[in-house]
Amino acid sequence: MGRKALRALVVSGALVAGVGLVGVSAASAMPADPGYSSRGVVGPAASYPADQSVFKSATVDGLRVRTGPGTDRAILGLIYGGEPVQVITSAYDGTGQVWDEVMLQTASAGGLPAGYVGWVTEEYLY
């Protein structure tokens, strides 16, 4: 499959999955051979020791918390702008997008309890 055909497939899949053009722009900007597998997660992008916790907050309302890294994973619930999370680890999905496994530090306005663990796209955390 050629690069243009692959990009068209990614754009179409992203639009069907509801990612929109924001999520597609990151995939479109990937280098020709980023070294990622197209078969799923290829390993952690980063791992944080317990004594070096990384805390971030959501930058948007309605950020989907998923069962794993990737838009093909089931949605567990939502978090909202400013809600704090602790990043446990990070991983790439099959398109090269970075996802963070996070633990909610407070109960979410979307109904998830404090301490809940799930995956969110790193693009919407600061």
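Visitor: Is Ser90 buried or exposed?
Guide: This is a predicted model, in which local features need pLDDT of at least 70, side-chain atom pairs count only at pLDDT 80 or more, and totals for chains, interfaces and linings use all residues. Residues are numbered from 1 along each chain as its sequence is written, and side-chain values use heavy atoms, with hydrogens and water left out. Buried means under 20% relative accessible area, exposed over 50%, and partly exposed in between (1.4 Å probe, protein chains only). Because Ser90 has 2% relative accessibility, Ser90 counts as buried.

Visitor: With which side chain does the side chain of Ser90 make a polar contact?
Guide: Ser90 has its place in strand 5; strands are DSSP runs of E with at least two residues, numbered from the N terminus. A polar contact is a pair of N or O atoms within 3.5 Å; within protein, one must be able to donate a hydrogen and the other to accept it, and residues adjacent in sequence count only if both atoms are side-chain atoms. At 2.4 Å, the partner of the Ser90 side chain is that of Asp100.

Visitor: Over how many bridges do strand 5 and strand 6 pair?
Guide: Two strands pair if DSSP finds at least two bridges between them. Strand 5 and strand 6 form a hairpin with 5 residues between them, and Gly96 in the turn has a positive phi of about 95 degrees. Thr89 stands opposite Glu101 in strand 6. Strand 6 covers residues 98-104, and its antiparallel pairing with strand 5 runs over 7 bridges.

Visitor: Which residue in strand 5 is the bridge partner of Ser57?
Guide: Strand 2 (residues 54-57) pairs with strand 5 (residues 84-92) in the antiparallel sense, over 4 bridges. For Ser57, the bridge partner in strand 5 is Pro84.

Visitor: How many salt bridges does a search of the whole structure find?
Guide: A salt bridge is a side-chain nitrogen of Lys or Arg within 4 Å of a carboxyl oxygen of Asp or Glu. One of them joins Asp72 and Arg73, with the closest N and O atoms 3.9 Å apart. Asp72 is exposed at 66%, while Arg73 is partly exposed at 33%. The search of the whole structure gives a total of 3.

Visitor: Which residue forms a salt bridge with Lys56 at 3.6 Å, N to O?
Guide: The side chains of Lys56 and Asp100 meet in a salt bridge at 3.9 Å, N to O. The pair links distant parts of the chain, with Lys56 in strand 2 and Asp100 in strand 6, 44 residues apart. Both Lys56 and Asp100 are buried. The partner of Lys56 at 3.6 Å is Glu122.

Visitor: How many residues apart in sequence are the parts that Glu122 and Lys56 tie together?
Guide: Glu122 is partly exposed, with a relative accessible area of 25%, whereas Lys56 is buried at 18%. Glu122 lies in the segment after strand 7 (117-121) and Lys56 in strand 2, so the parts tied together are separated by 66 residues.

Visitor: How many residues does the largest nonpolar core have?
Guide: A nonpolar core is a set of buried Ala, Val, Leu, Ile, Met, Phe, Trp, Tyr and Cys residues joined through side-chain atoms within 4.5 Å. Members of the largest core include Leu63, Val87 and Leu104, and the number of its residues is 11.
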